[in-house]
Amino acid sequence: MNLEEYLYEKNVECPVCGNKFKAIEVKQKAYVVDYRDSDFCVHYKNINPLLYDVWICQLCGYASLKRTFSDMSFKRAELIKKYITTKWVAKESEKVIDYESAIKRFKLALISAQISKAKASEIASICLKIAWIYRFMDNVENEKQFLQYAIDKYTEAYLQESFPVENLDKTTAEYLIGELNRRVGNLEEAVTWFNKVMSDRTASERIMKLCREQWNIVREKLKINE
Ligand SMILES: [Zn+2]
């Protein structure tokens with residue numbers, strides 16, 4: 001299968017330095033879902049569009065998730081120029097992105113977000129996606145580490161930001177934080193978050209159902225540990 005047939009180039013302008021460059025985009029037809037995990041990680045058939053979710057400006061070194069690429073304040077841009085551009089060494093951008101290079105690209109986005117003081121929810125989203133790529137690679141240890149980073153940042157976002165954060169409404173965020181805690185083995189924490197969802201009448205049918213299923217898994221685990 002030729003992966004390049006799922007890709008095209010898109011003209012993008014860097015919000016930090018004004019450089020115009022071509023970013024790789026995934027064609028709509030490539031988004032064929034195979035199945036979804038309980039923490040919303042999507043497994044695709046054919047090509048994995050998640051691997052193409054980071055754009056990098058090779059002129060100044062700014063990297064970000066596509067969705068937030070253009071969100072840039074003057075203050076944040078100054079931080080990128082001061083701490084990233086001065087150390088940046090441009091590289092050839094690869095067209096077809098594998099797991100290894102996706103991890104590198106997402107980590108660059110993470111550095112850009114941290115250095116320029118991006119919102120906690122944005123950092124959380126990058127960490128969660130890095131965890132998912134490690135999941136695709138069957139690297140359980142690194143997956144857990146990045147799930148834990150995502151938990152910390154989503155919890156911070158939950159307390160500080162107003163909903164929706166990163167497309168998540170309040171109960172979906174509570175469910176997700178609970179589920180990520182369950183996955184790393186923080187069962188008591190998971191229960192606390194799942195209870196928030198269960199006692200909230202605004203939770204959607206879909207989230208309630210997911211929450212009940214994962215709650216039952218935790219309950220069984222806690223019984224065994226008793
Ligand atoms: Zn730039």
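Author: In this predicted model, a residue is called buried when its relative accessible area is under 20%, exposed when that area is over 50%, and partly exposed in between.

Reader: Why is Glu220 called partly exposed?

Author: The relative accessible area of Glu220 is 43%. That value lies between the limits of 20% and 50%, so the label is partly exposed.

Reader: What makes the pair Glu220 and Lys223 a salt bridge?

Author: The criterion is a side-chain nitrogen of Lys or Arg within 4 Å of a carboxyl oxygen of Asp or Glu. The closest N and O atoms of Glu220 and Lys223 are 3.5 Å apart, so the pair meets the criterion. The two residues are 3 apart in helix H7, which means a separation of about one helical turn.

Reader: Why do Glu213 and Lys209 carry unlike accessibility labels?

Author: Glu213 has a relative accessible area of 35%, between the two limits, and is therefore partly exposed. Lys209 stands at 51%, which is over 50%, and is therefore exposed.

Reader: How do you know that the side chains of Glu78 and Lys81 form a salt bridge?

Author: The N to O distance between the side chains of Glu78 and Lys81 is 3.6 Å. As the cut-off is 4 Å, the pair qualifies. Glu78 and Lys81 are 3 residues apart in helix H1 (residues 74-83), about one helical turn. Glu78 is partly exposed at 33% relative accessibility, and Lys81 is partly exposed at 35%.

Reader: How many salt bridges does the whole structure contain, and which residues are linked in a network?

Author: A search of the whole structure finds 19 salt bridges. Asp37, Asp39, Arg135, Glu143, Glu179, Arg182 and Arg183 are linked in a network of them.

Reader: Why is Ala173 called buried?

Author: The relative accessible area of Ala173 is 5%. This is under 20%, so Ala173 is buried. The residue belongs to helix H5, residues 170-184. Leaving aside residues up to four places away in sequence, Ala173 touches Phe163 and Leu168. Ile207 is 34 residues away along the chain, and its C-alpha atom is 10.0 Å from that of Ala173.

Reader: What makes Asp138 exposed?

Author: Asp138 has a relative accessible area of 67%, which is over 50%, so it counts as exposed. Asp138 sits in the loop between helix H3 (120-136) and H4. The phi of Asp138 is positive, near 60°. Most residues other than glycine have a negative phi.

Reader: What does Glu5 touch, and why is that residue called partly exposed?

Author: Glu5 touches Lys27 and Lys29, residues up to four places away in sequence not being counted. Glu5 and Lys27 are 22 residues apart in sequence, with their C-alpha atoms 8.5 Å apart. The relative accessibility of Glu5 is 38%, between 20% and 50%, so Glu5 is partly exposed. Glu5 is placed in the segment before strand S1 (7-13).

Reader: In what order do the elements of the protein run?

Author: From the N terminus on, the order is β-β-β-β-β-β-α-α-α-α-α-α-α, which amounts to 7 helices and 6 strands.

Key. Residues are numbered from 1 along each chain as its sequence is written. This is a predicted model: local features need pLDDT of at least 70, side-chain atom pairs count only at pLDDT 80 or more; totals for chains, interfaces and linings use all residues. Side-chain values use heavy atoms; hydrogens and water are left out. Helices (H or I, at least four residues) and strands (E, at least two) are DSSP runs, numbered from the N terminus. Buried means under 20% relative accessible area, exposed over 50%, partly exposed in between (1.4 Å probe, protein chains only). Contact means heavy atoms within 4.5 Å.
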